[in-house]
Amino acid sequence: MSDFKDRVEDYLSSSTHLSKRHVHPRLLKMFEMGGIKAVFNRAEGQYLWDTEGNRFLDLLAGGGVFFMGRNHPKINGALRDVLEMDLPNLCVVNASALGGVLAGKLLELAGGDFGKVVFANSGSESNEVAVRFARVATGRRRFLYLEGAFHGRSFGVASMCGYESMREGMEPLMPTCTPLKPNDIRQLRRELKMGDVAAVFMEPVQGMTGIALDPNYMREAETLCEQYGSLLVMDEVQTGLGRCGSWFASTGAGVRPHILTSSKALSGGQVPVGAVLIKDEVYERIYSKFGTGLVYFSTFAENNLAMASALTALEVLEELDAPAESARKGEIFREGLEAIKQKYDVIDRIEGMGLMITVYFKDSATPALMAQQKIMGVVDSSAFAAAVHTQLFVRSHIIAQLPGPGKNALKILPPVIVTEDDIRYFLSAFEDILADLYQANTGPVAALAGGLVKDTVSRVSEAIPAVGQLLGRGAPAK
Ligand code: PLP
């Protein structure tokens, strides 16, 4: 019998300071500076509890992985069962005990012309597999990607990251990757016509920008890729498995990519996993010669715990009718946000699809708020969003996210089990926070002054002494 349970209390109490020292010193400091200091010790469904007993509404779901909620009893039960059964695992010389069943289920849900599945351990790795397959299948080296894209942090796919700041210090990355404007079909045609493109990578809804691709653009991309011998790769690591209102946002829009990658929610949140769905015809091109070596293999990719967690996650999502529920609840969020937008001119627009929602902010025309936004914008273009994000966490115990670098926007990736009461709670908290941010004494500068932007404010106060006076703190001591 394991005595792990007996030690968990000790682990939980020592973990934060050890993590601060050995694992995430920088990241944790940044969050703490933003007033985000909670230490969580329990999680269930759409909620987390901290050590002081406060309940937090989790509208980020671990970056989308807990789409069915945290610690789902069915998923945890399946994991316990697998361990108790002493099943064969990672035997290498034969098929995985559970991988075939999971592959069959994924192919059924995805539709399209997929016939094969290759497993991996993460979203980045799944996309990396797609790079390898595209190179081998086409014999070409050039890749196209979209501005604003994010496909992961490993080297191949980091080369297709639409943010310079995220590539900084990493070069040289994979050569010959060309960025394109999302939804610009003429530009895509021009590049594909050159005949040297191995693959075009796209997210149907971009995780970092919230921008949803036009279905016509995606369908035309499929036709053009066929015409010019390139592969269309749909990265559905974040959009897949119901989040955007269909099992996969691309196939749901009638697109038949050559390769589709999935991860995040597929894991059930508990065991990392990635899956690469491939058209039979592409797979045949890769393994046309009997002697072709393994184009991809990873030691842990088909481990029993990952396969069991994923299989059960799919079962749970089917029971929840995840695509329809995402579409319905996404609409409730959107309607509420649009109504708030009518009252607060600081909201620019609402992007996304289903339960993937990004609210963009702009400068308000209200003098008290505009003045503060201008001041903060000098230091950080996303400062207003940072103020909303911090206030949601500190005041309302709601977990949201700031999306891509430099975006003055707030993103939520709610789990599909979020209730209508939860949605109402979020909308009302969000509106209250905006209302306060319009006031001079509770505006974004003050909202952030206790935290992340204590640092920002110090730097602004240094540059613009009037801000220091506004906050009654003067320029910081050197
Ligand atoms: N692709 C997309 C669209 C993502 O959103 C992410 C992660 O956020 C990745 C790839 C990378 O996945 P991972 O962090 O599992 O490597």
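This is a predicted model: local features need pLDDT of at least 70, side-chain atom pairs count only at pLDDT 80 or more; totals for chains, interfaces and linings use all residues.
**Entry 1: the whole thing**

I started with the overall inventory. The protein has 20 helices and 14 strands. I then looked up the extent of the C-alpha trace, which spans about 75 × 65 × 45 Å along its principal axes. Next came the radius of gyration: a compact globule with 478 residues would have one near 23 Å, and the protein has 23 Å, so the two agree.

How much of the protein counts as buried? I found 47% of the 478 residues. I also looked at who touches whom along the chain. Among contacts with a separation of 6 or more, 73% are between residues 24 or more positions apart.

**Entry 2**

I went to strand 1 (residues 40-44) and strand 2 (residues 47-50), which run antiparallel and are joined by four bridges.

Seven strands make an open sheet in the order 4-10-9-8-7-5-6, and the pairing is mixed. Which strands sit at the edges? They are strand 4 (114-120) and strand 6 (177-180), each of which pairs on one side only. Ignoring direction, neighbouring strands are turned by 20 degrees against each other on average.

I checked one example of each kind of pairing. Strand 9 (residues 259-262) and strand 10 (residues 274-279) are antiparallel, with four bridges. In that pair, Leu260 stands opposite Leu277 of strand 10. Strand 7 and strand 8 are parallel, also paired over four bridges. There I noted that Phe201 stands opposite Val233 in strand 8.

Then I looked for helices against this sheet. Helix 5 (residues 99-110) packs on the sheet and touches strand 4, strand 9 and strand 10. The direction of helix 5 makes about 125 degrees with that of strand 4. Helix 9 (residues 185-193) lies across strand 5 (142-146), strand 6 and strand 7 (197-202). Relative to strand 6, helix 9 runs at about 160 degrees.

**Entry 2: a closer look at strand 8**

Is strand 8 (residues 231-235) buried or exposed? I went through the strand and found five of its five residues buried, so strand 8 is largely enclosed by the rest of the structure. Both faces are covered. On one side I listed Leu231, Val233 and Asp235, and on the other Leu232 and Met234, all of them buried.

My next stop was an open sheet of three strands, in the order 11-12-14, with antiparallel pairing. Strand 11 (347-353) and strand 14 (409-412) are the edge strands, each pairing on one side only. From one strand to the next, the twist averages 15 degrees.

I followed strand 12 (residues 356-361) to strand 14, and they pair in the antiparallel sense over four bridges. One of the pairs I noted is Tyr360 with Ala409 in strand 14.

Which helices pack here? I found helix 14 (residues 322-343) touching strand 11 and strand 12, with its direction at about 170 degrees to that of strand 11. I also found helix 16 (residues 383-396) touching strand 12 and strand 14, with its direction at about 40 degrees to that of strand 14.

**Entry 3: out at Lys289**

Last, I looked up Lys289, which has its place in the loop between helix 12 (280-286) and helix 13 (304-319). Why does Lys289 count as exposed? I found 7 other C-beta atoms within 10 Å of Lys289, and a residue is exposed if that number is 12 or fewer. I also looked at Lys289 together with Thr442: they are 153 residues apart in sequence, and their C-alpha atoms are 68 Å apart in space.

Note on methods: Residues are numbered from 1 along each chain as its sequence is written. Two strands pair if DSSP finds at least two bridges between them. Axes are lines fitted to C-alpha atoms, for helices over the stretch in contact, and angles run from 0 to 180 degrees between N-to-C directions. Two residues are in contact if their C-beta atoms, placed from the backbone, lie within 7 Å. The radius of gyration is taken over C-alpha atoms; the globule rule is 2.2 Å times the number of residues to the power 0.38. A residue is buried if 20 or more other C-beta atoms lie within 10 Å of its own, exposed if 12 or fewer, and partly exposed in between; C-beta atoms are placed from the backbone.
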